[in-house]
Structures are given as C-alpha cells and as structure tokens.
Amino acid sequence: PYRHLYPIPPNLYNKVMIEIQFLLQNAHFALNLFGALIFFSASWLYFDAWTLKKDKKEGLKVLGLFILSLSFVVHATHIEQTILANPLFGGNLLSIIGLVLRLAGYAILAAGLMIDPLQKRPGEKATKKAPALAIFSAKGLSSVLAIFTPIFAAACGLLYLRRATIGLENHLKPVAFSFFALAMSELLSL
C-alpha cells in the first residue's frame with residue numbers, strides 16, 4: 001500500500017533519463033536538418049531569381065541563406081558533451097563554427113535586403129538605397145557573439161516586414177514572422 005512513497009530505483013531512473021536524452025538528441029538533429037532544408041530551399045529560390053538578373057543584391061541573399069543552411073547543418077551535428085567521453089573535436093568547436101556561420105548568414109542576408117530598394121507605390125518617387133551592413137567577428141568570443149544571433153534574426157525579420165508593409169510585397173509577411181519566431185528561438189537558446 002505504501003509503494004508510492006519509495007523512491008525510484010537508480011537503475012530505472014538512469015534508463016529513463018538515457019532514453020529521454022536519446023529522444024531529445026534525435027529531435028534536435030531532426031529540427032536542425034529541417035531548418036537547414038528550409039533555408040536551402042529559400043536560397044535555391046533566390047538563386048533562381050539571381051540567374052536572370054545576376055546582380056549583387058540577389059547574390060547576397062543567396063549567399064546569406066545558403067550560409068544559414070550550412071549553420072543549421074553544423075548545429076545538427078553537434079552532440080551533447082555528456083554523451084561522449086572523448087569528443088572528436090575539442091570542446092565546443094562545432095558550436096563556435098555554427099555560431100560564426102549563423103552570424104555571417106544573418107549579416108549577409110540583412111545586407112542583401114538593405115541594398116535591395118523597395119517597390120515604389122504608384123505615384124511615389126523611388127526610395128534611396130540603404131547602406132549595407134558589414135559585420136566582422138572574432139573567433140574566441142562565442143559567448144559574446146551568441147548575443148547577436150537573436151538581434152540579427154530580428155533585424156532580418158524587420159527588413160522583410162518593411163518590404164511587406166512599406167513596400168508592395170505583401171507575400172513576405174509570413175517570412176518576416178518566421179524570422180521573428182527564429183529570433184525568439186535564438187533568444188531562448190541563450
């Protein structure tokens with residue numbers, strides 16, 4: 001009658017925790033690969049548009065989205081250190097590479113969005129081009145650089161929202177909201 005008062009046996013607790021950790025690692029891998037496929041698909045669509053124009057603004061968008069895709073692939077291969085006794089790469093090398101790729105991808109995508117002028121409304125004069133961003137990062141500052149990932153993701157979301165509201169590209173609103181969701185994800189992962 002008093003079995004519910006006894007603690008869980010340690011061997012059962014360890015087994016359950018290992019299974020949960022296994023499932024969460026697989027979910028981490030699958031979600032990051034799904035994100036990589038989404039960014040690669042968007043990069044491919046911008047690449048298709050670039051083949052017609054071959055201009056710098058479309059090329060920056062292609063490059064930024066492709067680098068974001070690579071960053072998600074690198075982040076998917078990162079395995080939690082508690083599982084491995086001797087990690088193949090030293091410490092957090094994969095997370096630093098993924099972080100630098102993600103920051104570079106966001107910065108290049110934002111630069112491409114800023115260079116691209118908005119579509120003018122009928123009866124308005126054309127808008128001036130905004131200056132491009134130049135972002136440089138140091139290798140050993142991963143914790144400081146990680147703070148910028150939600151900021152850059154939100155900046156990309158704001159630039160897409162600007163295109164959707166001020167410009168005439170209303171179909172980009174879901175893309176803007178997706179980048180805001182990604183910024184919240186980046187913020188929660190800090």
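Colour the chain by secondary structure and read along the sequence: the pattern is α-α-α-α-α-α. That gives 6 helices and 0 strands. Keep in mind that this is a predicted model.

**The whole protein**

Show the surface. Its accessible area comes to about 12500 Å². Carbon and sulfur atoms account for 71% of that area. Of the 190 residues, 31% count as buried.

**The largest nonpolar core**

Hide the surface and select F39, Y106, L109, Y160 and F179. The largest nonpolar core has 28 residues, and these five touch the most other members. Which helices supply at least two residues each to this core? They are α1 (10–53), α2 (56–76), α3 (93–115), α4 (142–146), α5 and α6. The biggest share comes from α3, with 8 residues. In soluble globular proteins, nonpolar side chains tend to be buried together.

Zoom in on L109. Leave aside residues up to four places away in sequence. L109 then touches L60, K61, G64, L65, L68, C156, Y160 and F179.

Stay on L60 for a moment. It is part of a second, separate core of 5 residues. Other members of that second core include I108, A111 and I115.

**Salt bridges**

Next, show the charged side chains. How many salt bridges does a search of the whole structure find? The search finds 7.

Start with E58 and K61. Their side chains meet in a salt bridge, at 3.6 Å from N to O. Both residues lie in helix α2, 3 residues apart, about one turn of the helix. Are they buried or exposed? E58 counts as buried because its relative accessibility is 6%, under the 20% cut-off. K61 is buried too, because its relative accessible area is 3%.

Select K57 and D55. These two form a salt bridge, with the closest N and O atoms 3.8 Å apart. D55 is partly exposed, because its relative accessible area is 22%.

Now pick D116 and R163. Their salt bridge has its closest N and O atoms 2.7 Å apart. This pair links distant parts of the chain, 47 residues apart. D116 sits in the loop between α3 and α4, while R163 is in helix α5. Both D116 and R163 are buried.

Select D55, K57, E58, K61, D116, R163 and E169 together. Salt bridges that share partners join these residues into one network.

**A nonpolar patch on the surface**

Bring the surface back. Select I147, F148, I151, M184, L187 and L190. They form a nonpolar patch on the surface, with about 570 Å² of accessible area together. Which elements give two or more residues to the patch? They are α5 (148–165) and α6 (173–189).

Finish on L190. Look for L190 in the segment after α6. Is L190 buried or exposed? L190 counts as exposed because its relative accessibility is 55%, and exposed means over 50%.

Key:
Residues numbered from 1 in each chain as written. Predicted model: local features only at pLDDT ≥ 70, side-chain atom pairs only at ≥ 80, totals over all residues. Heavy atoms only, no water. Patch = residues over 30% accessible without salt bridge, like charges linked within 9 Å, V, L, I, M, F, W, Y side chains within 5 Å. Areas by Shrake-Rupley, 256 points an atom, 1.4 Å probe, with all protein chains shown as cover. Salt bridge = Lys/Arg side-chain N within 4 Å of Asp/Glu carboxyl O. Helix = DSSP H or I, 4+ residues; strand = E, 2+ residues; numbered from the N terminus. Buried < 20%, exposed > 50% of the residue type's maximum accessible area, 1.4 Å probe, protein only. Core = buried A, V, L, I, M, F, W, Y, C linked by side-chain atoms within 4.5 Å. Contact = heavy atoms within 4.5 Å.
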